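Welcome! Please open the structure in your viewer, and let us walk through it one selection at a time.

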Amino acid sequence: MTSRICRILIADDDEDLRDALRTCVEQERLFRVSEAENGNQALDRILADQPDIVLLDHRMPGLTGVEVAQRLCASGAATTIVFITAATTVRELARAAGVRWFLGKPLGCDELMDLLRRVAAECLTAGVRTPV
Amino acid sequence: MEPNDLERTREAWRIYVQTGRIARELLRERTQISWVRCGSLKTDPHTLALRKLPDAELATLARRNAVLVRAAQPFLRALSVAVGAEQHAALLADAEGFVLEMRSDEKTAQAAQQGTFPSVGVLMSEAAAGSNGIGTALADQDYIEIIGPEHFVEALASYTCQGVPLRGPERKVVGVLAMTVRSMQTAERVREILFSGAVGIEAELVRHHVESVVRAFVDSAAGPIGGDELRQDLVQLQSAARLRVDAAAEATRQSRPREAFNLLRTADELTRRFHRQAELWRQVTGEQEGPLRLVDLNESLSDLIELFETEAALRDVRFVLEQKTRALAYLDPRAAGRLLFRAFVKELCVAPRGTAIGVEARYAQGGTEAMVVFSTGQSVLLPGPSLEKRPLEARSP
């Protein structure tokens, strides 16, 4: 496991869920969290700040999660997407857009953190990102 | 319970095994009642008879309770995380008291393997194991804490056990979430997580039930909105609650009780909102007819606006409840829910982006009819409250 800081953007329109995700993620000092409350804001922040990971919801006002994923993949952005959805149809669309990591709902802290640690280890140690 | 009380309880146990008398003056009330039950069940206070189900029956038990076990696993894990390295066991039992699942430290797991501590498949009813966090919670149908010597059976007297009965969607007890630790202080530390865990498990059971009954209805009634996606919204609140319980468990382990308390309080509030939405789903989708009663239309509209909140936001549409008057309708709430659900879907499908749709409940025809009117012109006519006094056949919507 890397000891470098990993920047995570939480993109979800539901404030309660954003808060809950942030609380879990921030219990580990490895991660630094920022937030976006809709799809357009998520895309803008990813392109501007280039976080290491985005936790991406699908049902958001403006661009949906799948649309954000499609645009990110087309732009060649190096941010790793972790898609949060339980809907199989949405999962297939996201997969087709190039998303590799998924979390279902309802999700717990353990599964969230297990996956984030794996993704962080992969994207930071592979040198894909320039960690802050 | 103070050290003196513990000594009094030990004394009560000695009196009981020597004379068969329950020394009521030395015991807490619920302990007395439980000991009376254990006595009449001929439970042996000297022997902990941990009988484990044979493999075939264990497999049947697991199959029958698969949904409950799946619902409980994250919360058993959270309880175990909260206690940390201390000796403990977080247990799930079915409605009879058979242990279905267990999370524990290594030492306790070894004891379970050696048969000196309960394990999966063991019956923990009061008849089998005396007063304990599982059997007594089931007998009382209520939360129970059994401290040290309050355990009727001597072999369990070094533990402090707590159990909370779990209720299914029909409010029938379907199992128990229990926690066994070695000290009263640890028991106190994890009590709130135990309660929130029980609430979380019940929410998961409700979600499972609601999802299975709403699928067909939503797919037909939601039309172009997409039932699968609409159902996802129900899970949002539950997800937010569950993440907070997990975070509270970690905060408890790290001795940050205030933070844990606040997280659990928010989790409980979110779960309460989830239950309200789930109940609305059940009302809307239930097929059987219920009794006619007065329905506050403003409450129904407010619940439906919350239910469609995400979908409306995605379409850049906003529902605004205009509460000019209190309007009641007299009908089966499920029928009202179904009618109004369809009306909301219709509005969402045609509303241009950026629209605010006003919705108002009012009376018509001198109170014989109640109406829900949308600012777009759509209206839904319902039987008004004055029909309550008419014969039943005249009341049908």
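**Stop 1: where the two chains meet**

Select chain A and chain B together: 30 residues of chain A are in contact with 30 residues of chain B, where contact means heavy atoms within 4.5 Å. Before going further, note that this is a predicted model, in which local features need pLDDT of at least 70 and side-chain atom pairs count only at pLDDT 80 or more, while totals for chains, interfaces and linings use all residues. Residues are numbered from 1 along each chain as its sequence is written, chains are lettered from A and ligands numbered from 1 in the order in which they are written, and side-chain values use heavy atoms, with hydrogens and water left out.

The size of an interface is often given as the accessible area lost when the parts come together. Here chain A and chain B bury about 2,300 Å² between them, 52% of it on carbon and sulfur atoms; buried area is the accessible area (1.4 Å probe) that two parts lose on being put together, summed over both. Which residues of chain A lose the most area to chain B? Highlight Q27(A), R59(A) and P106(A), which together account for 32% of what that side buries.

**Stop 2: charges and helices at the interface**

Side chains of opposite charge can pair when their charged atoms come close. Between chain A and chain B there are 4 salt bridges, each being a side-chain nitrogen of Lys or Arg within 4 Å of a carboxyl oxygen of Asp or Glu. To look at a salt bridge, select E111(A) and R242(B), whose closest N and O atoms are 2.7 Å apart.

Now colour helix 1 (15-25), helix 4 (88-96) and helix 5 (109-125) of chain A, the elements that give two or more residues to the side touching chain B. Helices (H or I, at least four residues) and strands (E, at least two) are DSSP runs, numbered from the N terminus. Helix 1 of chain A supplies the largest share of that side, 7 residues. By class, the side of chain A that touches chain B has 13 nonpolar, 7 polar and 10 charged residues. For these classes, Ala, Val, Leu, Ile, Met, Phe, Trp, Tyr, Cys and Pro count as nonpolar, Asp, Glu, Lys and Arg as charged, and the others, Gly among them, as polar.

**Stop 3**

Next, show the strands of chain A. Five of them, 5 strands in the order 2-1-3-4-5, form an open sheet with parallel pairing; two strands pair if DSSP finds at least two bridges between them. Strand 2 (31-36) and strand 5 (101-103) of chain A are the edge strands, each pairing on one side only. Further in, strand 3 (residues 53-57) and strand 4 (residues 80-84) of chain A pair over 5 bridges. Click L55(A) to find its bridge partner, V82(A), in strand 4.

Then move to the loop between strand 5 and helix 5 of chain A, where P106(A) lies. A cis peptide bond joins K105(A) and P106(A), with omega of about -5°.

**Stop 4: the sheet of chain B**

Switch to chain B, where an open sheet of 5 strands has the order 2-1-5-4-3, with antiparallel pairing. Its edge strands are strand 2 (99-104) and strand 3 (144-147) of chain B. Select strand 1 (residues 88-94) and strand 5 (residues 173-181) of chain B, which pair over 7 bridges. There, L91(B) stands opposite A178(B).

To finish, find K42(B) in the loop between helix 2 (29-40) and helix 3 (55-64) of chain B. K42(B) has a positive phi of about 60° although it is not a glycine.
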